[in-house]
Structure formats: C-alpha cells, structure tokens
Amino acid sequence: MILDIHTHNAQTHAQTIETVGIHPWHALVGEVVEVERRAPQKDAIGEIGLDYACDIPREAQMAIFRAQLTLAERLEKPVVLHCVRAFEPTMKIVSEYNLKSVIFHGFIGSTQQALRAVDAGYFLSFGPSTSRSPKTIEALRNTPLDKIFIESDETRKNIEDIYSEIATLKGCKQEILEQAILENYNKVFE
C-alpha cells in the first residue's frame with residue numbers, strides 16, 4: 001500500500017488521511033467551532049500552524065493555532081503542521097501540548113531542525129520540494145525511517161514517483177521506505 005500523508009489531489013489512488021483545520025493563511029476568517037464540529041470524523045487536525053512568510057498577523061495565527069492544538073489534545077487527534085519560517089515558535093508552542101502525534105508536512109529545513117523535531121518525537125513528511133534544497137536532502141538523509149512520511153502536497157506528480165525520488169535521496173530501497181511509512185501510519189493512525 002502506498003500512503004500519501006498530505007495531498008490536495010482528490011484524484012489520487014494512494015491511501016490518504018482526512019484532516020480538518022484552519023490554515024494559518026485563513027487565521028483571520030477561520031472558525032474553530034467548525035473544525036470542532038467536523039474533527040471527530042477526521043483522522044487528524046491539519047493543516048495548521050504558523051507561516052511567517054505570509055501577511056496574516058502573527059498574533060492571529062498563534063491564537064487560531066493554539067485553539068486547534070487544544071482541540072487536538074482534547075480529542076486525542078494527531079496534528080499535521082504547516083510551518084514556514086517559524087520553526088522555533090512552532091516547536092515552542094507544540095511542546096506545550098500533550099498531543100497524540102505531530103507531523104511536519106512538507107518539511108523544508110536543516111538537519112539540526114529535523115533532528116530536534118525527531119528528538120521531540122515528531123514525524124517529518126517529505127515531498128516533491130525536498131529535492132530542491134540541499135539542506136533538506138541532508139535532513140532527509142539524517143531522519144530515521146521510523147519518523148518519515150511521504151506526501152504529494154499540491155503537485156499532480158504520481159506518488160509512486162515521489163516515493164522513488166525520496167528513496168533514492170535517502171539511499172534506501174523503495175520497498176523498505178514503503179514498509180517504514182506503513183508502520184509509521186499504523187503507529188499514528190491505528
């Protein structure tokens with residue numbers, strides 16, 4: 001089974017998870033009440049987090065992020081994080097909650113950031129943009145298989161091709177990567 005942990009492609013044939021959440025870009029207009037209403041039927045709360053590259057005020061992003069983390073904690077749901085230029089504040093805020101599981105979606109960052117997240121027990125999801133950043137390739141290589149997910153995110157690229165690219169970058173056989181991700185999925189979502 002091929003798992004795509006985060007996709008915007010409704011036509012995918014891969015196993016996916018269902019999430020509900022208020023993206024930081026919508027922090028000024030999102031309603032946590034709506035997330036709370038829909039969350040029990042979903043696999044995770046997400047994509048939520050902080051994006052310091054957008055124009056939404058940081059205070060608004062933090063408020064909606066914290067409200068959703070509180071909900072995820074109460075419902076014992078994993079969270080799928082959006083984190084852009086906000087690694088330190090994201091790590092600090094997330095550490096304040098007792099969350100079932102944390103997945104950094106579309107991880108782009110350094111080996112040091114990756115290892116800090118992994119040491120905190122979090123998962124990193126890699127995808128099509130991983131190969132564009134030498135520091136992220138190095139982070140991927142240093143992330144243990146038991147802390148990795150793969151995603152297609154917004155691309156229309158075939159998820160099997162993404163698995164193949166990530167396996168090559170990671171330096172492992174694709175079958176080993178697929179098995180590790182299935183085991184990670186079972187730990188987080190079963």
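Modeller: Before we start, two residues are in contact if they have heavy atoms within 4.5 Å of each other.

Biologist: Fine. What share of the contacts in the protein chain with a separation of 6 or more comes from residues 24 or more positions apart?

Modeller: Such residues account for 67% of those contacts. This is a predicted model, where local features need pLDDT of at least 70 and side-chain atom pairs count only at pLDDT 80 or more, while totals for chains, interfaces and linings use all residues. Residues are numbered from 1 along each chain as its sequence is written, and side-chain values use heavy atoms, with hydrogens and water left out.

Biologist: How many helices and strands does the protein chain have?

Modeller: Seven helices and eight strands. They are DSSP runs numbered from the N terminus, with helices (H or I) of at least four residues and strands (E) of at least two. The C-alpha trace spans about 45 × 30 × 30 Å along its principal axes.

Biologist: What percentage of the 190 residues is buried?

Modeller: Buried residues make up 49% of them. Buried is under 20% relative accessible area, exposed is over 50%, and partly exposed is in between (1.4 Å probe, protein chains only).

Biologist: Take helix 6. Which of its residues are buried?

Modeller: Ile159, Ile162, Tyr163, Ile166, Ala167, Leu169 and Lys170. Seen down the axis of helix 6, those residues fall within an arc of 165 degrees, so they line one face of the helix. The arc is taken from the directions from the helix axis to the C-beta atoms.

Biologist: And what covers the buried residues of helix 6?

Modeller: The cover includes strand 1 (3-4), strand 7 (123-126), helix 5 (134-142), strand 8 (148-150) and helix 7 (174-189).

Biologist: What follows helix 6?

Modeller: Gly171, which has a positive phi near 80 degrees.

Biologist: Where is Thr143, and is Thr143 buried or exposed?

Modeller: Thr143 is in the loop between helix 5 and strand 8. Its relative accessibility is 0%, so Thr143 counts as buried. Setting aside neighbours within four places in sequence, Thr143 is in contact with Ala114, Val118, Leu124, Phe126, Ile148 and Lys170. Lys170 is also one of the buried residues of helix 6.

Biologist: Over to helix 3. Which residues are buried there?

Modeller: Helix 3 runs over residues 87-95, and its buried residues are Phe87, Thr90, Met91, Ile93 and Val94. Among what covers them are helix 2 (58-75), strand 5 (79-84) and helix 4 (111-119).

Biologist: What about Leu99, where does that sit?

Modeller: In the loop between helix 3 and strand 6. Leu99 is buried, at a relative accessible area of 14%. Not counting residues up to four places away in sequence, Leu99 touches Leu69, Ala72, Glu73, Val79 and Val94. Leu99 and Arg74 are 25 residues apart in sequence and 8.7 Å apart in space, C-alpha to C-alpha.

Biologist: Now the backbone. Is the peptide bond from Gly46 to Glu47 cis or trans?

Modeller: Cis, with omega near 0 degrees. Glu47 is in strand 4.

Biologist: And what is phi of Glu76?

Modeller: Near 55 degrees, a positive value in a residue other than glycine. Glu76 lies in the loop between helix 2 and strand 5, and is exposed, with a relative accessible area of 60%.
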